[in-house]
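Here is a short briefing to read alongside the structure. Take a look at the model first, then go through the points below.

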Amino acid sequence: METTSDTPVTPQPDPGPRRLTRSSRDRIIGGVGGGMGRYFGIDPTLVRIGFVALALLGGTGLVVYAAALLLVPLDDEAADAPRSARDRGVAIGVAVALIIAGLVFGSFGFLFGGALVPLGFLVLAGLAVWWLVSGERPSGSPGTVVRRAAQGIGLLIGCGALAVASFFASGLGGGVVVAGIVIAAGAALVAAAFVGGARWLVLPALAIALPLAFVSAAGIDLNGGFGDRTERPATLSELQQSYRLGAGELVVDLRDLELPSGDHPLKVRIGAGHALVLVPDDVCVASSATVGAGGVDVFDRSGGGLDVDWSDGRRAPKDTARLVLEGDVGLGLLEVAHNRSHYDNDHGPWDRYNDANERNAACATAT
Amino acid sequence: MRRAREIDRTSLVAGLVLVAFGVVLLLDRSGALRLTFGTMAPMAFAAVGAILLATGLGRRE
């Protein structure tokens, strides 16, 4: 006897191919790691570690992450209707722009190794700025993400311009005014806090305050001109006691000078850049200097870092000239040498330490 | 009855920090203080950190 079931067999609907989506729940930035971990059935933390490792090894991780952020939909969106033509257009536009950038920049080796890494950091920085200012996560459709990144980058560029202006204004003696602007911005923020707030003002105010803080800490004084300057006194009467430059390279070349025995004070002051003092072989140099950020190289001795307080007191034998050098450098390097060629060769300035001529040999004893 | 408008703590904290930071910078620029990286860097980091902290805590509420 043959038996049959009364209940009809209803075919299960075809779930279709599994779709890669960004996770809206398990996410740190855009849910790419969470979505990929779910798709491949692995711990999302491992995916994130992989992205970070790839970002450090040539920057590919940044590119892949940015592409996934733009092209892979959020899981909420996956259940909805297909993305709008506008968002798809934005994603395609970004992809085309990247390809054109690749053709413009030439080899992909340069592209992935060089240009795209800062570009990726710039996009992430734009998104971070947006997040800081608006308080909203950089998620949503590709068009929204691109728009927010662009707004963040725009704000970042504006703040960069403010920072440059603040640096130069502070260095040129306008520090009191700049500090007043910072205080006024702070007061405006306090007042705005009671009428809804003005968080957008925080970043520009910091962009003004931090360069001023840097100028103050380093003691940078940009007065005295900009550019490269070479001073080459030929006689003792032409030798000034003080040379000064705001920013650039200042070379004080004393090698044509016949200095009589005794002490000869010389002050060299530079706000930002490189100061080089060239002295004859038969002159002893005693030096002291303050450097905000940078270093001091006096023949075969050197020092550097932040808040550098340099002192190299030397005594000269009788009947020997001694140059008593006092340096003041805000940001940069103060160097003393016998020969400039050490700075112009292909081996760099460190090659000087192998040269027996680059010694403070005219001095009697080292203290 | 009209409700008092809520205070934006992020703006308030950031504003107070900036005023204090600006006063220190003003004293340095006017010659009353002499700041170095050793003193300025902790202050700058503390200022930025306080603002970020206020921003982060403000979002949680």
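A:Glu249 touches A:Gly227, A:Asp228, A:Arg229, A:His274 and A:Arg340, leaving aside residues up to four places away in sequence; contact here means heavy atoms within 4.5 Å. This is a predicted model, where local features need pLDDT of at least 70, side-chain atom pairs count only at pLDDT 80 or more, and totals for chains, interfaces and linings use all residues. Residues are numbered from 1 along each chain as its sequence is written, chains are lettered from A and ligands numbered from 1 in the order in which they are written, and side-chain values use heavy atoms, without hydrogens and water.

**Setting of A:Glu249**
- Strand E2 of chain A (residues 242-253) holds A:Glu249; strands are DSSP E runs of at least two residues, and helices are H or I runs of at least four, numbered from the N terminus.
- With a relative accessible area of 18%, A:Glu249 is buried (under 20%, with a 1.4 Å probe and protein chains only).

**Interface of chains A and B**
- Chain A brings 39 residues to the contact and chain B brings 32 residues.
- A:Arg199 and B:Asp8 form a salt bridge, with their closest N and O atoms 3.0 Å apart (a Lys or Arg side-chain nitrogen within 4 Å of an Asp or Glu carboxyl oxygen).
- On chain B, helix H1 (9-29) and helix H2 (37-60) each supply at least two residues of the side that touches chain A.
- H1(B) gives the largest share of that side, 15 residues.

How values were computed:
Buried means under 20% relative accessible area, exposed over 50%, partly exposed in between (1.4 Å probe, protein chains only).
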